Amino acid sequence: MDDSKMKKYQTIVFSRVLLLATAVLLLSACAGGGQGFAPADTIQSWLWRMEKGMRKPGEVLVSLPDAVWKERGCASLTRPYVAVELNEILPPRLVAGEEFNHRMTYSLCPARTGEVVVGDLSRRITYKGNTVFEDVSRRFELRPGRWRVDAFIGIPPSAPAGIYSVEVSFFGGGVQFERSASLAVSRR
């Protein structure tokens with residue numbers, strides 16, 4: 001590597017290290033904001049929020065049906081066959097009054113090529129065993145292939161601090177599943 005390329009490379013590396021160090025210092029300073037999070041938790045929270053910010057509500061095809069058919073070995077499965085591959089809450093910790101992203105990724109091997117499975121998709125938030133929010137999408141279509149479904153849900157500012165359960169379920173067309181994930185809510 002000649003001198004000019006070496007200097008350019010060193011400048012890029014130095015810039016990235018400086019940017020990272022600045023971000024760590026800023027985030028550490030923000031940790032004293034009264035939420036009681038350690039600096040590492042604050043950095044993780046910032047990263048979760050950045051990732052959440054890149055997500056958009058709705059459904060996105062991730063893998064074509066043919067690829068999923070081969071990958072899952074759909075020919076040898078009882079169909080329709082659905083696999084929930086991801087059920088994620090982002091960020092998993094937030095302050096009352098903020099919103100979180102619920103992401104579900106599923107794969108569907110339909111009974112017949114191109115067929116969809118129609119049913120009710122429900123998202124329910126419970127606190128201490130009591131339902132505090134529920135949203136039901138009637139006649140929701142599970143589609144062949146691998147799909148990512150994103151929804152954004154707000155937590156009211158008056159919500160009590162504690163651990164909540166975010167439950168997603170589907171029932172219809174010979175398919176049924178339930179999954180849950182935890183959400184920690186704090187107060188300012």
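**Entry: a polar contact.** I started with aspartate 150, whose side chain makes a polar contact with the side chain of asparagine 101 at 3.1 Å. A polar contact is a pair of N or O atoms within 3.5 Å; within protein, one must be able to donate a hydrogen and the other to accept it, and residues adjacent in sequence count only if both atoms are side-chain atoms. I note that this is a predicted model: local features need pLDDT of at least 70, side-chain atom pairs count only at pLDDT 80 or more, and totals for chains, interfaces and linings use all residues. Residues are numbered from 1 along each chain as its sequence is written, and side-chain values use heavy atoms, with hydrogens and water left out.

I placed aspartate 150 in strand β7 (residues 145-154). Strands (E, at least two residues) and helices (H or I, at least four) are DSSP runs, numbered from the N terminus. Is aspartate 150 buried or exposed? Its relative accessibility is 6%, so aspartate 150 counts as buried. Buried means under 20% relative accessible area, exposed over 50%, and partly exposed in between (1.4 Å probe, protein chains only). Leaving out residues up to four places away in sequence, I listed what aspartate 150 touches (heavy atoms within 4.5 Å): Arg55, Lys56, Pro57, Gly58, Asn101, His102 and Arg103.

**Entry: the disulfide.** I found one disulfide in the structure, where the term means a pair of cysteine sulfur atoms within 2.5 Å. The sulfur atoms of cysteine 74 and cysteine 109 are 1.7 Å apart. Cysteine 74 lies in the loop between α3 (65-72) and β2 (81-90) and cysteine 109 in strand β4 (residues 99-109), so the pair ties together parts that are 35 residues apart in sequence. The link is left-handed, with -40° about the S-S bond. Cysteine 74 and cysteine 109 are both buried.

**Entry: aromatic rings.** How many aromatic pairs does a search of the whole structure find? I got two. Rings of Phe, Tyr and Trp (its six-membered ring) pair if their centres lie within 6.5 Å; planes under 30 degrees apart count as stacked, over 60 as edge-to-face and the rest as tilted. The ring centres of tyrosine 127 and tyrosine 164 are 4.5 Å apart and the planes are at 25°, so this pair is stacked. Tyrosine 127 is in strand β5 (residues 117-127) and tyrosine 164 in strand β8 (residues 162-172), 37 residues apart.
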